Amino acid sequence: MRTSRALLDAVTAAVAIALLIGSPASAAISIDGDEVIIDSLTADYTLGRGAGGVSALTAAETYVAQFGGSGQAGEVRRQVDESANGMTRYPRLISITEPDGAEWPSEVESADGVYTMTAVAPDGLRGRQSFVFTYTVDGVVSVGDDRGPQEFVWAVNGSDGSPAIGEVRATLRVPADLVPTLTGASRCLIGPEGAAGPCDLELTPGQLGAVMVEASARDLSADETMTLVVEFAPGTFAATEEDGGTWLWWVAASTGAGALAVAYAVLRRRRNHVDDPHHRSVSPTMPSKPAGRDS
């Protein structure tokens, strides 16, 4: 039994690392200027099921940074990939504020498969500043083929160009209705992309029957990321509308390759319309409606 358990753990770790290699994450935070030190990132996440059973993440991430006196830096950007592990994601900015609720001027942009939320300081940034990015993302759980487990894989501080961070803390709230679907295979990984090792993870009871998944790390270098992997039972979540698989194959089986080609062309046209710069949202109060979430 001990040998089998060790083998299972090794396979689980290998699969998790393969997932990280196969789904590069954008920089969680990026700032222009050289005189910037990121002190900390505190992330609070809640995962639920939206309309149609699509996974829906609500995020509130607080970044604390030290800026030099030159005011060289004037923008702080948070980026989210619009697809990962075969799933289309639908990010939506709610607000960028200071901890006391005062709002930073903000912009959003969708380009090259990355959704960028930007806090703008026209007069530059100096001294200690805090930024709370609050946003939602639909389609964060990889659903697979409904025969195997479904996984929430989230690189908390990103990996592609993210700066060094003194401390990262993340809490994922799994509400009571999803707790029975947890498989017990939740884990935390930390390290350079493709070479991640385990880090401490704790599951604790929350309010109203929820479970809190908590992880933390210190002194992350620019090439390191802390990643949460939380596994759910097959069939827990549904795929997002544009995730290819199910409905495209049904069209092919029902009406032949010609209809599939038409459906694919429509899908490409819809995606190109979303990525067209003339149709990008520039205000957090006017986001594109995400699939699987009522507005």
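**A mixed sheet and a disulfide**

An open sheet of seven strands, arranged in the order E7-E10-E3-E2-E13-E17-E16, shows mixed pairing. Its edges are formed by strand E7 (90-97) and strand E16 (201-205), each of which pairs on one side only. From one strand to the next, the twist averages 15°. The model described here is a predicted one.

Within this order, strands E2 and E13 stand side by side. Strand E2 (residues 36-49) and strand E13 (residues 165-174) run parallel and are joined by eight bridges. One point of reference along this pairing is Ala-43, whose bridge partner in E13 is Ala-170. In general, the strands of a sheet pair through backbone hydrogen bonds, in either a parallel or an antiparallel manner.

The second feature to consider is a covalent link. Cysteine sulfur atoms within 2.5 Å of each other are taken as a disulfide, and by this rule the count comes to one. The disulfide is formed by Cys-188 and Cys-199, whose sulfur atoms lie 1.9 Å apart. Cys-188 belongs to strand E14 (residues 187-192) and Cys-199 to strand E15 (residues 197-199), so the pair ties together parts that are eleven residues apart in sequence. The handedness of the link follows from its geometry: the torsion about the S-S bond of Cys-188 and Cys-199 is about -80°, and the disulfide is therefore left-handed.

Terms used: Residues are numbered from 1 along each chain as its sequence is written. This is a predicted model: local features need pLDDT of at least 70, side-chain atom pairs count only at pLDDT 80 or more; totals for chains, interfaces and linings use all residues. Side-chain values use heavy atoms; hydrogens and water are left out. Helices (H or I, at least four residues) and strands (E, at least two) are DSSP runs, numbered from the N terminus. Two strands pair if DSSP finds at least two bridges between them. Axes are lines fitted to C-alpha atoms, for helices over the stretch in contact, and angles run from 0 to 180 degrees between N-to-C directions.
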